Amino acid sequence: MSLIVTQGLTKTYGGRVTALHDLTVSVEPGIIGLVGANGAGKSTFIKILLGLIPPSGGGVRVFDIDPTVDPDRVRAKVGYMPEHDALPPDVSAAEFVTHLGRISGLPRTAARERASEALRHVGLYEERYRQIGGYSTGMKQRVKLAQALVHDPDLLLLDEPTNGLDPAGRDAMLALIHRIGTEFGISVVVCSHLLGEVERICDSLVAIEGGRLLRADRISAMTEASDVLAVEVSEGMEELAEALTRLGLPAQADGRLLLVPLDREDTYDRILQAVADLDLPLHRLDQRRHRVAELFAPRETADV
Amino acid sequence: MSEASVIHDIGYQRYTGPRLGRGAVFGAMYVHGLRAAFGLGRSAKAKIFPWLVVGIVTLVAVILAAVRSQTGIVPLTYLGFADAMSWLIIFFAAIVAPELVSRDMRAGVLPLYFSRPLRAADYVGAKVAAMVTAIWALLAVPQFIMFLGAAFTTKNGMSDVWDELGDLLPGWGYSLLWALLFTGIGLLIASLTGKRAFAAGGIVAVFLMTTPVVGVLSILPSSDAQQLAGLASPMTLISGVGQWLIPTANSGMNVGNFGPVYAIEAVTLIAACLLLLLARYRRVAAL
């Protein structure tokens with residue numbers, strides 16, 4: 001069964017502003033990246049899926065349920081994490097998530113148990129008894145994720161879950177989302193304007209721009225088999241590129257990163273050796289898939 | 001050995017238990033609102049004002065009951081008690097209404113509520129019910145203390161207790177009317193702003209500004225104008241309805257033959273406030 005199916009979905013505000021235009025897409029369960037620049041219509045799309053706003057035209061089905069007709073049944077199966085701040089400062093995370101569990105229809109004890117489970121899964125342990133007002137941005141994002149998980153949905157809709165997080169926080173949040181999608185058996189739609197971020201964890205991508213569908217496909221169909229290594233050094237990038245080329249590793253500069261094809265087993269070691277020889281401060285060395293960004297419009301690439 | 005050891009599965013567990021319907025969700029929302037009204041489950045700071053008001057009205061009721069039992073004089077009837085406490089109720093409403101609705105708006109919690117099987121009408125209904133209950137309890141409990149004081153010092157046994165109960169029940173009904181009107185106006189004003197201080201100020205202002213209007217109208221030479229003067233302020237409006245329904249109320253209001261006008265305005269005002277509140281949240285829920 002398809003997770004989300006839309007047919008010619010259109011949403012215009014006041015007859016002038018078009019948020020979504022003739023969007024036809026069919027999404028299979030898994031981790032889905034919904035990518036588009038700010039204002040591309042991602043949030044509008046999510047609100048239509050939740051039955052919060054009616055579409056101006058076309059049809060939409062989530063779990064084969066029409067959210068415009070039967071929003072309660074859809075919402076019972078869906079957890080939503082909004083983009084903006086959504087937490088009261090003067091209660092504890094445990095209490096707040098329990099309350100929202102009850103609003104999702106869980107009985108009192110079940111809500112309390114599932115709230116502490118959900119908070120544990122997102123990595124909040126003893127902190128959960130403290131007031132949310134004292135939390136860091138990363139912890140608040142985790143609470144927002146926990147409240148979306150508390151009623152055990154079959155689908156999570158995450159609107160910009162890495163917003164405002166530092167690089168380490170982003171990686172942790174993405175790893176968490178990946179775990180939810182793979183180990184928990186819950187499908188996830190991740191909205192983001194950062195393609196490079198979601199392509200790391202998603203099975204499929206839906207790219208929209210200006211309310212129109214750009215492309216929707218499985219990541220595997222979009223990427224080449226060959227992987228690349230991204231190397232980031234805080235200085236001496238040119239020297240490193242030269243050194244790598246001399247070693248037979250064609251390094252390509254991409255912003256502050258050097259991209260090196262990962263075609264041999266010792267590529268990692270040779271790069272590390274080259275960095276060590278030049279005595280450069282290495283920021284990161286990680287594997288990434290090959291240029292999904294190139295499949296999208298130039299504007300998208302610029303965002304990566 | 002290794003077969004006997006228990007492996008604790010700390011992986012994700014799916015939930016297979018019952019999922020309750022809208023009624024239970026409404027109930028959870030109502031209880032949450034009622035607790036919030038008295039600062040339960042909140043910091044000590046949130047408890048100060050509600051419990052200060054509760055303390056004062058209870059103390060007044062105890063004193064009234066004591067005076068009555070010692071001297072036999074009835075300083076205030078049940079209705080008179082509600083009238084006398086009206087400024088404290090405004091104070092209470094100005095604290096509770098922002099706590100119930102402005103807070104959610106300020107923190108941006110509404111999208112989390114409305115992405116769940118909770119309708120705008122459920123949200124508004126639960127908040128209104130919680131605040132009506134809170135204000136009603138604020139008056140009804142002290143009234144009950146007064147009743148107990150009277151019942152235990154009665155001279156003619158059960159028949160006096162029954163008479164007293166006959167006074168208490170209309171008093172409770174009158175308190176409910178107060179609660180409905182203050183809830184309607186209070187929540188409507190509070191739902192317009194996320195800033196608690198503005199909401200509280202706005203609520204007090206509505207009652208504060210309308211009182212002088214009544215004062216001016218009630219000294220006009222026309223007796224009709226005097227009798228209709230109470231319509232201008234929510235507080236005198238309720239007193240007027242009470243005076244019309246229970247002529248022995250002795251509230252100092254003279255409503256003449258205009259009692260029904262007072263009743264109609266009160267009902268219309270309450271209904272209008274609640275409908276506007278619902279309309280407001282219908283819009284908010286879609287965002």
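User: Why is B:Tyr123 called buried?

Analyst: Buried means under 20% relative accessible area, exposed over 50% and partly exposed in between (1.4 Å probe, protein chains only). B:Tyr123 has 0% relative accessibility, so the residue counts as buried. B:Tyr113, at 1%, likewise counts as buried. The model is predicted: local features need pLDDT of at least 70, side-chain atom pairs count only at pLDDT 80 or more, and totals for chains, interfaces and linings use all residues. Side-chain values use heavy atoms, without hydrogens and water.

User: What makes the pair of B:Phe114 and B:Tyr123 edge-to-face?

Analyst: Rings of Phe, Tyr and Trp (its six-membered ring) pair if their centres lie within 6.5 Å; planes under 30 degrees apart count as stacked, over 60 as edge-to-face and the rest as tilted. Here the centres are 5.5 Å apart and the planes stand at 65 degrees, so the pair is edge-to-face. Both residues are buried. B:Tyr113, B:Phe114, B:Tyr123 and B:Tyr281 form one aromatic cluster.

User: How do you know that A:Lys77 lies over the face of A:Phe63?

Analyst: A charge sits over a ring if NZ of Lys or CZ of Arg is within 6 Å of the ring centre and within 35 degrees of the ring normal. A:Lys77 lies over the face of A:Phe63, at 4.7 Å from the ring centre.

Conventions: Residues numbered from 1 in each chain as written. Chains lettered and ligands numbered in written order.
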